[in-house]
Every structure is written in structure tokens, then in C-alpha cells.
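User: I have a structure open and want to go through some of its side-chain contacts. Can you take a look with me?
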Amino acid sequence: MSADTPGDPDFIDRTRHAYDAMAEEYAARFPDDALDDLPVDRALLHAFVELVRAAGPAPVADVGSGPGHLTARLDALGVPVFGVDLSPRTVALARRTHPGLRFHVGSMTALDLPDATVGGIVALYSLIHIPDGRLTAVLAEFHRVLVPGGQVLLGFQSGSADGTTERLHLAERFGHPMDLDYHVRAPETVVGHLTKAGLRLSARVVREALDGESRPRAYLLAHKAA
């Protein structure tokens with residue numbers, strides 16, 4: 001169903017508690033070599049890195065960095081990068097797994113970063129927990145912290161083309177009780193929020209679901225005007 005309202009004010013706490021509960025199991029379920037078998041996804045990440053380098057030396061923020069696997073991959077590709085995640089337990093796990101990289105606890109709804117200091121933001125499968133009514137504000141926060149010409153790469157499960165947001169609720173995962181919502185949207189819906197936030201779309205890609213995936217995957221590349 002559509003959620004074109006300000007959203008549940010408790011969604012941040014509920015999301016944090018869910019990922020704190022399943023931090024270890026989540027890291028094991030999504031290993032650091034997952035992208036090795038996803039050439040299209042990997043190519044889009046490499047394109048993002050190339051665009052960031054062209055924009056200048058400012059670092060990349062991996063927002064919703066989870067156990068830090070993508071942060072480490074970006075570091076290996078030679079860009080300065082740090083991770084931001086809502087879950088303290090997940091951040092602690094990322095720090096242990098990748099001791100040479102920087103991770104801190106934070107929310108994409110209010111990034112603890114100065115204006116115009118980040119060269120790129122990658123948010124893969126983290127916007128899915130943001131209600132529709134908060135999505136433009138989150139993307140405006142991305143716009144605020146990006147340098148002129150800064151890049152954004154978003155990845156999410158692709159929803160219905162009719163523009164309806166599907167809200168899914170999870171009460172348990174990996175044996176842990178939780179109260180976690182997922183919001184599945186069409187790429188066009190997210191593009192509309194990007195535009196409202198002042199970001200300019202560069203590319204949209206939808207690849208079909210692979211074995212073991214229930215939905216197609218959407219990727220959006222966008223940028224802040226130079």
C-alpha cells in the first residue's frame with residue numbers, strides 16, 4: 001500500500017533494534033564476495049567510482065554500510081571511504097572485520113557531516129527501510145552533504161510499475177523477533193523523490209531477478225549539480 005505520509009516516528013528505533021539483534025547472522029548471510037557473482041551490479045559500482053574520481057578527492061560515504069563489505073570493496077578500488085550505519089552492533093562488527101577502515105553510528109535521516117564535504121554516497125538496500133513520507137528529506141540530506149558534482153548510487157528491490165509502494169513487515173528473522181518494515185518501490189517513484197531533493201538522475205538500470213532473488217534489482221545513478 002502507499003505510504004505518502006510522514007511515516008512512523010518510531011521506524012528508526014525499530015530498524016536499529018532489528019539490525020542489532022541479527023548483526024552476526026546478517027553478516028554471514030551476505031558475505032563479502034557476494035558481488036563477485038553479480039557482474040552487472042559490480043559494473044555499476046565501478047562506474048560510480050569512476051564518476052566520483054572525476055568529481056574530485058572528497059571521500060565516499062557508504063550509508064547503511066552494514067558489516068562493511070561494500071565499504072572494503074570501495075577502499076580496494078582506491079577511493080577514500082567510510083561507513084555509516086544505524087546499528088551500533090553492526091558498526092562494531094564492521095570495525096572488527098575491517099580494522100583499517102572507519103565506521104560510525106549514524107542515521108541517513110540526519111547525517112552527522114558538514115555541508116558539501118562528501119564526494120559520493122552509495123546506499124545499497126538501505127533506503128528500503130525509509131517510509132515514503134521521509135524519502136525526499138533523506139535524499140535532500142544526501143544533497144546537503146555532497147560536494148558540487150558529487151555522485152549518488154542507490155540500489156533497491158524493484159517494485160510495481162504503477163507507482164504503489166508495497167510495505168512488507170517482518171516479525172522474525174534468523175530466529176530473532178523484530179518489528180521491521182520494508183518499502184518496495186518502482187524506480188520511477190524513487191526518481192521522483194530524487195528530483196524533489198535537487199539531485200539529477202544520470203542513469204537507471206533494472207536487472208531481472210537471478211536465482212534465489214524474488215524481485216528485479218534497480219539501480220539509480222544521480223548527482224548534485226556542479
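Analyst: Let's start with a salt bridge: the side chains of Arg 167 and Asp 181 meet at 3.0 Å, N to O. Keep in mind that this is a predicted model.

User: Which parts of the chain does that pair tie together?
Analyst: Arg 167 lies in strand 6 and Asp 181 in strand 7 (residues 176–184), so the bridge ties together parts 14 residues apart in sequence.

User: And Asp 181, buried or exposed?
Analyst: Asp 181 counts as buried because its relative accessibility is 8%, and the cut-off for buried is under 20%. Arg 167 is partly exposed, with a relative accessible area of 38%.

User: Which residues are joined with them in one network?
Analyst: Salt bridges with shared partners join Arg 14, Arg 167, Asp 179 and Asp 181 into one network.

User: How many salt bridges does the whole structure have?
Analyst: A search of the whole structure finds 13. One of them pairs the side chains of Glu 24 and Arg 96, at 3.1 Å from N to O. Glu 24 is in helix 2 and Arg 96 in helix 5 (residues 88–97), so this pair ties together parts that are 72 residues apart in sequence.

User: What is the relative accessible area of Arg 96?
Analyst: Arg 96 has 53% and is exposed. Glu 24 is partly exposed, at 40%.

User: Switching to helices. Why is helix 4 largely enclosed?
Analyst: Six of the eight residues of helix 4 (residues 69–76) are buried, so the rest of the structure largely encloses it. The buried ones are His 69, Leu 70, Thr 71, Ala 72, Arg 73 and Leu 74.

User: What covers them?
Analyst: The cover includes helix 2 (23–29), helix 3 (39–55), strand 1 (60–63), strand 2 (81–85), strand 3 (102–105) and strand 4 (118–124).

User: Which residue just after helix 4 takes a positive phi?
Analyst: Gly 78, with a phi of about 95°.

User: Last topic, rings. How many aromatic pairs are there?
Analyst: The structure holds one. Tyr 19 and Tyr 26 pair edge-to-face, 5.5 Å centre to centre with 75° between the planes. Tyr 19 counts as buried, at 13% relative accessibility.

User: Which ring does the charged end of Arg 102 sit over?
Analyst: The ring of Phe 82, 4.4 Å from its centre.

Note on methods:
Residues numbered from 1 in each chain as written. Predicted model: local features only at pLDDT ≥ 70, side-chain atom pairs only at ≥ 80, totals over all residues. Heavy atoms only, no water. Phe/Tyr/Trp six-rings, centres within 6.5 Å; stacked < 30°, edge-to-face > 60°. Buried < 20%, exposed > 50% of the residue type's maximum accessible area, 1.4 Å probe, protein only. Lys NZ or Arg CZ within 6 Å of the ring centre and 35° of its normal. Helix = DSSP H or I, 4+ residues; strand = E, 2+ residues; numbered from the N terminus. Contact = heavy atoms within 4.5 Å. Salt bridge = Lys/Arg side-chain N within 4 Å of Asp/Glu carboxyl O.
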